[in-house]
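Please follow the chain below with its sequence at hand.

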Amino acid sequence: MFLFLLIAMVIVVAAVTLAVVGGGDSEVLTDVPPERLVDPLPVTRPVGRADIEALRLPVAVRGYRMADVDEVLGRLGAELAERDARIAELSAELAGAQATAVSSPDLFKKPGEESGR
């Protein structure tokens with residue numbers, strides 16, 4: 001009886017080993033190509049909130065691929081720098097317009113009136 005159980009156990013272990021290793025002529029699972037970042041950030045217009053919310057970075061074996069993350073962060077940094085420069089430019093224009101409006105003659109005075117009235 002012991003010899004029968006030993007032979008049966010050897011056959012089962014051999015069958016499982018062949019199944020796991022992929023013995024035979026059957027095709028083993030093919031390697032899946034790694035995911036690549038498809039740049040969903042628009043090139044023709046500024047990046048918006050919806051673009052950031054829709055962004056999904058591909059997952060690698062140990063987290064996210066650093067090159068993909070660096071690319072997205074670099075793109076977002078450039079967009080923010082461009083927006084900051086534009087905001088500074090518009091603020092300077094507004095300050096100049098306000099300074100001009102304050103130093104201009106009284107807008108509520110009718111022509112020909114004296115300022116002492």
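Glu 53 and Arg 49 sit 4 residues apart in helix H2 (residues 49-54), so about one helical turn separates them, and they form a salt bridge in which the closest N and O atoms are 2.8 Å apart. A salt bridge here is a side-chain nitrogen of Lys or Arg within 4 Å of a carboxyl oxygen of Asp or Glu, while helices (H or I, at least four residues) and strands (E, at least two) are DSSP runs numbered from the N terminus. Glu 53 counts as partly exposed because its relative accessibility is 45%, whereas Arg 49, at 68%, counts as exposed; buried means under 20% relative accessible area, exposed over 50%, and partly exposed in between (1.4 Å probe, protein chains only).

This is a predicted model, in which local features need pLDDT of at least 70 and side-chain atom pairs count only at pLDDT 80 or more, although totals for chains, interfaces and linings use all residues. Residues are numbered from 1 along each chain as its sequence is written, and side-chain values use heavy atoms, with hydrogens and water left out.

A search of the whole structure finds 5 salt bridges, and another of them joins Glu 89 to Arg 86, with the closest N and O atoms 3.0 Å apart. Both Glu 89 and Arg 86 belong to helix H3 (residues 66-103), where they are 3 residues apart, about one turn of the helix. Glu 89 has a relative accessibility of 41% and therefore counts as partly exposed, and Arg 86 counts as partly exposed at 43%. A salt bridge also links the side chains of Arg 45 and Asp 51 (3.0 Å, N to O); in this pair Arg 45 is partly exposed at 42% relative accessibility, but Asp 51 is buried, its relative accessible area being 12%.

What makes up the largest nonpolar core? It has 5 residues, namely Leu 37, Leu 41, Val 47, Leu 55 and Val 72, where a nonpolar core is a set of buried Ala, Val, Leu, Ile, Met, Phe, Trp, Tyr and Cys residues joined through side-chain atoms within 4.5 Å. With neighbours within four places in sequence left aside, Val 72 is in contact (heavy atoms within 4.5 Å) with Leu 37, Leu 41, Leu 55 and Leu 57.

Phe 2 is placed in helix H1 and counts as exposed because its relative accessibility is 67%.

For the chain as a whole, the secondary structure comes to 3 helices and 2 strands, which run α-α-β-β-α from the N terminus. Of the 117 residues, 9% count as buried, and the accessible surface, by the Shrake-Rupley method with a 1.4 Å probe, comes to about 10400 Å², of which 65% belongs to carbon and sulfur atoms. Among contacts between residues at least 6 apart in sequence, 48% join residues at least 24 apart.
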